[in-house]
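Trainee: Could we go through this structure together, with each term set against its definition?
Mentor: Gladly; let us look at it and begin with a pair of strands.

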Amino acid sequence: MFYSHLFKFIPRKLLLVLVLISAGICEASAQQTDFQINLGDDSRIIYNLSKGSYTVICNGSELIKNAYLICKTDTIIDSRQAGKAAISVSDFKTALGKGKLYTVRFSGNKNLRQLFYVFPGRKYFITRLELTGTAAAGYMAPLVADNLKLKETGDNRALFVPFDNDMWTRFNAAPLEQADFNSSEVTAIYNADNNRGLVIGSLEQDVWKSGIALKGNSSTGLSSINVFAGLSDSVVTHDRIPHGKVLPVKGKVYSPQVLIGYFDDWRTGLETYARSVRDIHPRSIFDWKLPTPMGWNSWGVLKEKVTYEQAIQVVDFFADSLKNYRTVDNTLFIDLDSFWDNMTPGGIGGDITKLKAFVEHCKLKGLKPGIYWAPFTDWGKTDSRIDGDSSGYTYGQLWTTQNGRMLDIDGGRALDPTHPATRHRISYTINLMKALGFEMIKIDFLGHAAQEADKFYDPAVTTGMQAYKRGMEYLDSVLGRQMLVYAAISPTLATARYAHMRRVACDAWSSIDHTEYTLNSTGYGWWQSHLYDYIDADHVVFGQEEDGVNRARFASALVTGTVITGDDFSSAGKWRTTARHLLQNKNLLQVTKDGKSFRPLKANTGNRGVELFVKTVGKDVYIACFNYSDKTKTVKLPVTIFQARFKGWKWEELFSGKQSAGTGGMVVNIPSRDAAIYLFRDCFENPVSARR
């Protein structure tokens, strides 16, 4: 009674605000021009309610100015023409934590909303778009701006991230003023001298392919930035038709959640991004509880000529001559790549006597057999009956088309992941492999399942990423919990929830150029080891290369996180001697115990391989140095690389065993076409294992 009497003396407008606050929701005032969203540390978003645009301020400096949103259905919706904005505030809780949700609505378009998720104590926010109604959307961009400027001076860079690891694609840390590309899913805009920078990335890949379009400008840094869902590019994503339109689900279409944050260290920002992607997606594949994998793969040298006799001899070589090349639980994967069907007349449904004998021989020797398959690719490209399918379907009915043309990539024809015969084929083949006792599978050419299509068998699926999700979830359901699942050629981000391990770059063999190519992907994509359980440097081949080149190739695997070797160990040659020397060095193998990649120490090499890497484990620091050139390189390692709590160093170079100690900076000479890994022991007063 008392409270109801008191309300009579409160002005109506103030009473409305009090009611909204009591409900946990506070609406921006109708007279208000700017609405401020605090991010902490003198950082904030200022939303101009009249103009439908927002400015992002980080550490007191204006970073992104007058950003707006674009959404395309049958019409184009632009927040600057959507009427006056109003913002409400509420609480939220997600897998990433608790915080405040700011919802932007527009008076001129009641169907459109922009959402901002802000977490207390974190230097980043998440935004997404929501569209209600019956219209399908083919493009949603929550951040479009004509100006982005780092306050840092010096060597500013913008990072291009490929959609997948196919066709020898490369990352590119381009000088900021020269940037002109669509980075796939994520980018970093950073200063290579002090490592401060901005990280922007899509957290979801179940529905959309997303891009960050950057255009450099010599005077302002970036003349334009566009963060959008709906990426389709004949080079980046291999699509030759527009991105599919997303149909409403329960009356709504959402863009992906996009993380935007300015970090004191862009490398920490990308690792935070990778862990966030992993955290919000429940894993489809089972959790891997065993130690960091190691092994051998037949595509390194034997390739399409692999035979049963050679495979058995390789097993025997590892069992008899490389007894110390083992995982922590004393095993090793021996993986038969493509053309294992040389051993099986009639394919896996034919005479499998030799394949079965290979599996049994591996296990007799204490090793784990692995096999290979491309579940969404037709190599025969003839309209024949489907393997394992009794329904009468033929391959021609499964082929994905774009503009009516069959979709051939890398010589293989893409199959519709939503077609029941594709599923029958997967079930038939995988169950036979499981019955034979294989404990690892390398799955390849997965990007064929992620292509846009004229149509899919399932009419509810309208985009390549929706089809990819359907296909990969079904594949995992058939695989069960028996095998280590290793993805080869595959989408960079979208594959993480479906596989334990992923190749960081495709088809690298023995030369120093292959090492450089690999370490372009590791150097700028190391953060994937926080997304997958492991990433690897592809099959490490020694061959007849000089010793320095072999050290560099082996070091590229150690820096990436796992070792899969690939020489023809069924025959004698220098590669056997090299393997006995390098693959049994316990100090070197110890580097991969945690399975995590090294960080780039200096990330300013454009589309070339990174040369300096660092990883911190407890009180110890590893520094890896690579020289891809034909001349000796002098490398200066200042004390500042060890950051705080440095108390002097004593180091050992792991290939040579050479040791030294000191308190100042270090200067080393790396011979041409060679590498070195330095272990600095007990460098810190306190452990700092979280920093890599």
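Mentor: β35 and β36 form a hairpin with two residues between them, and Gly618 in the turn has a positive phi of about 65°. This is a predicted model, in which local features need pLDDT of at least 70 and side-chain atom pairs count only at pLDDT 80 or more, while totals for chains, interfaces and linings use all residues. Residues are numbered from 1 along each chain as its sequence is written, and side-chain values use heavy atoms, with hydrogens and water left out.

Trainee: What makes β35 and β36 a pair?
Mentor: Strands are DSSP runs of E with at least two residues, helices are runs of H or I with at least four, and both are numbered from the N terminus. Two strands pair if DSSP finds at least two bridges between them; strand β35 (residues 612-617) and β36 have six bridges and run antiparallel, so they count as a pair. Within this pair, Val617 stands opposite Asp620 of β36.

Trainee: Which strand is joined to β36 by seven bridges?
Mentor: That is strand β41 (residues 674-681), antiparallel to β36, where Ala675 is the bridge partner of Phe626.

Trainee: Why is strand β36 called largely enclosed?
Mentor: Buried means under 20% relative accessible area, exposed means over 50%, and partly exposed lies in between (1.4 Å probe, protein chains only). Seven of the eight residues of β36 (residues 620-627) are buried, so the strand is largely enclosed by the rest of the structure.

Trainee: Why do β23 and β26 count as edge strands?
Mentor: The open antiparallel sheet has three strands in the order β23-β27-β26. β23 (377-378) and β26 (408-409) each have a single partner strand, so one side of each is left without a neighbour in the sheet.

Trainee: What is meant by a pocket, and what volume does the largest pocket have?
Mentor: On a 1 Å grid over the protein atoms alone, a pocket is an open set of points with protein on both sides within 12 Å along at least five of seven lines, whereas in a cavity a 1.4 Å probe fits but cannot get out; lining residues have an atom within 4 Å of a point. Points are joined across faces, edges and corners, and a volume is the space filled by probe spheres set on them. The largest pocket has a volume of about 850 Å³ and is lined by 35 residues, with Ser338 and Trp379 among those nearest its centre. The second largest pocket holds about 430 Å³.
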